[in-house]
Amino acid sequence: MVQVDISEITEDEQNPVFQKELAAFQERFNALENDPRKKFRLCIHEAGHMVYFRRLGWTIKKLHGPYIYRDVDGKLRNILGAVSPVRGKVHDLVEAVKTDIAGFVLVEAMTGEPESKTAVSGDMSVISTFDPDVLKEVLEAATQGIIEEFDPDEGLRREVTGAAREYENEVFGSDDNWLWGWHEFRLDLPGERFSVYSNRHGFAWILIDDGGQMKLIVEGGKVCSPSDKLHRESLELLPTTSGERAADVVKRWNEKVLAAV
Ligand SMILES: [Zn+2]
């Protein structure tokens, strides 16, 4: 099991409150390590930062596993993972912001399920000092840029998965999980991904829209079409990704499911 790094906490600071925090965080990380889905999501998140740092021409100094530190206000903070680059010059603000947000944008784009709120706000805190109007514009351009680069480009999906493997090797000392994720989330398939939920089946799945052609990815990376049934039940869906695009794709899928019944 990966041990939480506490090297930034002095011995004097390792009081009962800290010990309690450490035990709870260690337990939470152990659960993540034993859950292929959560482990894959963490590796993809950090891989997103790695890939976009490298696209700026920056090198990676260190890949961090779980650690606890004290912030400027003396409050204990726990971090599941992080990437430290050797920072170089920034010539383009949008490209620089991609390095900050690529983790959570790619986790959602690849697995269909949005990143946790804490992970998103952790990454966003880096750029929250921007002027709000500038931030909004730059964020939109950076998010759209990543999605567009990711969507038709198997090259980027391979690059991110390769970096996830590198991260997994460094932090977990093994590299058996990334390939599970590649198959489970069918990263060989192009198209825009939406997270969906089935009331009848009680599962969260991924719906892929590839130029109007829709595919549903269920457990084990199995691909279903609207006329397919699982356990003799049809595959009506609810969107869990927010926004009009997701609602529209799910609506078109459900129409096809009903037409096939
Ligand atoms: Zn991050």
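Two residues count as in contact here if their C-beta atoms, placed from the backbone, lie within 7 Å. Keep that in mind for the views below, which all come from a predicted model.

**View 1. Helix α6 against helix α7.** Thr161, Ala164, Arg165 and Glu168 of α6 meet Asn177, Trp178 and Trp182 of α7. Sorted by class, this contact of α6 with α7 has three nonpolar, two polar and two charged residues. The axes of α6 (residues 154-172) and α7 come within 9 Å and cross at roughly 150°. Angles over 145 degrees count as roughly antiparallel, and that makes α6 roughly antiparallel to α7.

**View 2. Helix α2 against helix α7.** Here α2 (residues 36-55) packs on α7 (residues 177-184) at an angle of about 100°, and their axes are 9 Å apart. With 65 to 115 degrees counted as roughly perpendicular, α2 and α7 are therefore roughly perpendicular to each other. On the α2 side, look for Pro36, Lys39, Phe40 and Cys43; α7 brings Asn177, Trp178, Trp180 and Gly181. The residues of this contact of α2 with α7 split into five nonpolar, two polar and one charged.

View 3. The protein chain is divided into domain 1 (11-182) and domain 2 (189-260). Their C-alpha centres lie 28 Å apart. Seven residues of domain 1 are in contact with eight residues of domain 2. On the side of domain 1 that touches domain 2, the residues come out as three nonpolar, one polar and three charged.

**View 4. The largest nonpolar core.** This core has 48 residues, and the ones with the most contacts inside it are Cys43, Ile44, Ala47, Leu106, Ala164, Tyr167 and Leu207. Among the elements giving two or more residues to the core are the helices α2, α3 (93-111), α5 (132-150), α6 and α8 (244-260). The strands β5 (192-198), β6 (203-210) and β7 (213-218) also give two or more residues each. Domain 1 and domain 2 both give residues to this core, so the core lies between them. As general background, nonpolar side chains tend to be buried together in soluble globular proteins.

**View 5. Around Leu207.** This view zooms in on Leu207, one of the residues with the most contacts inside the largest nonpolar core. Which residues is Leu207 in contact with, leaving aside its neighbours within four places in sequence? They are Phe194, Val196, Met214, Leu216, Leu237, Val249, Val250 and Trp253.

Note on methods. Residues numbered from 1 in each chain as written. Predicted model: local features only at pLDDT ≥ 70, side-chain atom pairs only at ≥ 80, totals over all residues. Domains from an automatic or database assignment. Nonpolar A, V, L, I, M, F, W, Y, C, P; charged D, E, K, R; others polar. Axes fitted to C-alpha atoms, helices over the stretch in contact; angles between N-to-C directions. Helix = DSSP H or I, 4+ residues; strand = E, 2+ residues; numbered from the N terminus. Parallel < 35°, antiparallel > 145°, perpendicular 65-115°, else oblique. Core = buried A, V, L, I, M, F, W, Y, C linked by C-beta atoms within 7 Å. Buried ≥ 20, exposed ≤ 12 C-beta atoms within 10 Å, placed from the backbone.
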